[in-house]
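Trainee: I would like to learn how to read a protein model step by step. Could you take me through the features one at a time?

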Amino acid sequence: MDAGKMGFVPDTVIQELGWDEDVDDELRAAIEGHTGHEMVDGDVGEVVDGVILWWREGDGDLAEGLMDALQDVAEGGFVWLLTPKVGRDGYVSGADIGEAAPIAGLSVTTTFPAGEDWSATKLSTHRR
């Protein structure tokens with residue numbers, strides 16, 4: 001996975017939320033290698049350039065999860081929503097994402113495969 005294709009740039013701070021044993025460690029390493037920093041967790045309390053949110057069906061209300069993910073994001077920042085692919089445990093439909101994003105004040109910009117088991121959906125913030 002090329003983290004540069006996801007819009008990550010060197011020397012940015014990326015927050016990771018929703019980590020669990022099933023995440024794609026190769027993708028995580030690619031992001032950290034490309035940015036030059038380890039991803040920070042939700043307890044960091046500082047402004048971040050973007051968020052990686054691992055989300056599975058059953059993790060709760062997606063719109064609320066997206067709103068929580070935005071708490072530390074700088075203006076013009078983004079959220080990458082990583083969900084299991086079709087047919088995998090925890091699959092989240094595109095319709096669910098399309099419904100939750102505007103409630104959270106986000107726009108869906110692109111979706112593509114991110115590794116063997118995950119799909120990545122880029123959600124952009126609206127300028128405040």
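**Reading the fold**

Mentor: Let us begin with a pair of residues: Phe112 stands opposite Ala120 in E5. Helices (H or I, at least four residues) and strands (E, at least two) are DSSP runs, numbered from the N terminus, and two strands pair if DSSP finds at least two bridges between them. Please keep in mind that this is a predicted model, in which local features need pLDDT of at least 70 and side-chain atom pairs count only at pLDDT 80 or more, while totals for chains, interfaces and linings use all residues. Residues are numbered from 1 along each chain as its sequence is written, and side-chain values use heavy atoms, with hydrogens and water left out.

Trainee: In which sense do strands E4 and E5 run, and how many bridges join them?

Mentor: Strand E4 covers residues 106–113 and strand E5 covers residues 118–125; they run antiparallel and are joined by seven bridges. The hairpin that these two strands form has four residues between the strands, and there Gly115 takes a positive phi near 100°.

Trainee: Which residue has a positive phi although it is not a glycine?

Mentor: That residue is Asp11, with a phi of about 65°, and Asp11 lies in the segment before strand E1 (14–17). To describe its surroundings we need the terms for accessibility: buried means under 20% relative accessible area, exposed over 50%, and partly exposed in between, with a 1.4 Å probe and protein chains only. Asp11 counts as exposed because its relative accessibility is 59%.

Trainee: How many helices and strands does the protein chain have, and in which pattern do they follow one another?

Mentor: The protein chain has three helices and five strands, and along the sequence they follow the pattern β-α-β-α-β-α-β-β.

Trainee: In which sense do strands E2 and E3 pair?

Mentor: Strand E2 (residues 48–54) pairs with E3 in the parallel sense, over six bridges, and Val51 has Val79 in E3 as its bridge partner.

Trainee: Why is strand E3 described as largely enclosed by the rest of the structure?

Mentor: Strand E3 (residues 73–84) has 12 residues and nine of them are buried, so the description follows from that count. Thr83 lies in this strand and is buried, with a relative accessible area of 2%. Contact means heavy atoms within 4.5 Å; leaving aside neighbours within four places in sequence, Thr83 is in contact with Trp55, Val92, Ile97, Asp117, Trp118 and Ser119.

Trainee: Is Gly65 buried or exposed, and which residues does Gly65 touch?

Mentor: Gly65, which is found in helix H2, counts as buried because its relative accessibility is 10%. Not counting residues up to four places away in sequence, Gly65 touches Leu53 and Trp55. Gly65 and Gly18 are 47 residues apart along the chain, and their C-alpha atoms are separated by 9.4 Å.

Trainee: Where is Met67, and which residues is Met67 in contact with?

Mentor: Met67 also has its place in helix H2 (residues 62–69), but Met67 is partly exposed, with a relative accessible area of 37%. Beyond its neighbours within four places in sequence, Met67 is in contact with Ile103 and Ala104. From C-alpha to C-alpha, Met67 and Ile103 are 8.4 Å apart in space, with 36 residues separating them in sequence.

Trainee: Where is the place of Val40, and which residues does Val40 touch?

Mentor: Val40 is in the loop between helix H1 (25–35) and E2, and counts as buried because its relative accessibility is 18%. Not counting residues up to four places away in sequence, Val40 touches Val13, Ile14, Gln15, Glu16 and Val48.
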